Amino acid sequence: MQHRMLSKEEEASAGAEDLEVRREDQEKINRFSSLHQKETAIEEELKAKLKEKEDLEEISGELELVDEEEKVPYKVGDCFVSLPQPEVLELLSTSTEEIDSDVDALKGRLDTIHEEMAELKKALYGRFGRSINLET
């Protein structure tokens, strides 16, 4: 997408036009704001899931060094249960797979939000030009 600087005349004429904000325009602006808030929340949730996955992978790597007959504490709810190392590794693997599916779902939701935000930006910038700022 090319960005073009406005000439002084274009800037002056753009400012001189007082476009009336119609109800549908306000609804689009509100929708954009709502999507932006959802985007921020999903991005934070995604960051937390990726950190959790990284932590689980690190723990799995450390557990592979432990003797297979040794019992390892594994957190279930609010308590720890001693389980054999292979079983703990399997549980960690399952948790990692669940996180992967959650991450994919979050990325899908983000893509949908980004598409709708792009459409709203296009419509609003088309109507208001430089008199509205939708950059996030």
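Visitor: Which residue takes a positive phi in the hairpin of β1 and β2?
Guide: This is a predicted model, where local features need pLDDT of at least 70, side-chain atom pairs count only at pLDDT 80 or more, and totals for chains, interfaces and linings use all residues. Residues are numbered from 1 along each chain as its sequence is written, and side-chain values use heavy atoms, without hydrogens and water. Strands are DSSP runs of E, at least two residues. Two residues lie between these strands, and the phi near 70° belongs to G77.

Visitor: How many bridges join β1 to β2?
Guide: Strands pair if DSSP finds at least two bridges between them. Residues 71-76 run antiparallel to residues 79-84, and the number of bridges is six.

Visitor: Are α2 and α3 roughly parallel or roughly antiparallel?
Guide: Helices are DSSP runs of H or I, at least four residues. The axes, lines fitted to C-alpha atoms over the stretch in contact, come within 8 Å and cross at roughly 160°. Angles between N-to-C directions run from 0 to 180 degrees, and those over 145 count as roughly antiparallel, so α2 and α3 are roughly antiparallel.

Notes
Parallel < 35°, antiparallel > 145°, perpendicular 65-115°, else oblique.
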